[in-house]
Amino acid sequence: GPWRIFLLYVLGGLAGTCCVSMLDEKTNVVGASAGCYALVGAHVANIINYWSIMPYAWVRTFFFGFLFFADVGIAIYQKY
């Protein structure tokens with residue numbers, strides 16, 4: 001239900017904040033991106049688990065793969 005999604009969002013945000021503070025202590029963490037990434041990760045896990053019965057599984061995989069590589073590429077470009 002909605003409480004599980006809320007818990008995933010909040011715990012994902014906390015975990016993302018902890019990881020960033022440990023790996024790059026000079027970076028300020030602002031916003032809700034880690035919680036959003038947690039929800040996207042849960043959806044990708046759902047696609048993998050229900051691949052055989054999920055409609056448009058290839059389209060969803062391509063879409064999330066494109067978003068992932070575009071986001072990582074932009075982050076690396078901006079960092080260096």
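## Tyr 56 and the loop between H2 and H3

Tyr 56 is found in the loop that joins H2 and H3, where helices (H or I, at least four residues) are DSSP runs numbered from the N terminus, as are strands (E, at least two). The model is predicted, so local features need pLDDT of at least 70 and side-chain atom pairs count only at pLDDT 80 or more, while totals for chains, interfaces and linings use all residues. Residues are numbered from 1 along each chain as its sequence is written, and side-chain values use heavy atoms, with hydrogens and water left out.

Most residues other than glycine have a negative phi. Tyr 56, although it is not a glycine, has a positive phi of about 60°. Tyr 56 is also exposed, at a relative accessible area of 65%; here buried means under 20% relative accessible area, exposed over 50%, and partly exposed in between (1.4 Å probe, protein chains only). Ser 52 lies in the loop between H2 and H3 and counts as exposed, at 71% relative accessibility.

## Helix H2

Helix H2 covers residues 33–49, which gives it 17 residues. From its first C-alpha to its last it reaches 24 Å, close to the 24 Å expected at 1.5 Å a residue; the expected span is 1.5 Å times one less than the number of residues.

Which residues of H2 are buried? Gly 35, Ala 38 and Ile 47 are buried. The cover over the buried residues of H2 includes helix H1 (2–23) and helix H3 (57–79).

## The packing of H1 against H2

H1 and H2 pack at an angle of about 120°, and their axes are 7 Å apart. Axes are lines fitted to C-alpha atoms, for helices over the stretch in contact, and angles run from 0 to 180 degrees between N-to-C directions. H1 and H2 are therefore oblique to each other, since angles under 35 degrees count as roughly parallel, over 145 as roughly antiparallel, 65 to 115 as roughly perpendicular and the rest as oblique. The crossing of H1 and H2 is right-handed; a crossing is right-handed if the near helix is turned clockwise from the far one by less than a right angle, and left-handed if anticlockwise.

On the H1 side, the contact (heavy atoms within 4.5 Å) is made by Ile 5, Leu 8, Tyr 9, Gly 12, Gly 13 and Gly 16, and on the H2 side by Ala 34, Gly 35, Cys 36, Ala 38, Leu 39 and Ala 42. These residues divide into eight nonpolar, four polar and no charged. Ala, Val, Leu, Ile, Met, Phe, Trp, Tyr, Cys and Pro count as nonpolar, Asp, Glu, Lys and Arg as charged, and the others, Gly among them, as polar. Leu 39 is partly exposed, with a relative accessible area of 30%. Apart from its neighbours within four places in sequence, Leu 39 is in contact with Ile 5, Leu 8 and Tyr 9.

## The packing of H2 against H3

The axes of H2 and H3 come within 11 Å and cross at roughly 145°. This crossing is left-handed. H2 contributes Tyr 37, Val 40, His 43, Val 44 and Ile 47 to the contact, and H3 contributes Ala 57, Arg 60, Thr 61, Phe 64 and Asp 71. The residues of this contact divide into six nonpolar, two polar and two charged.
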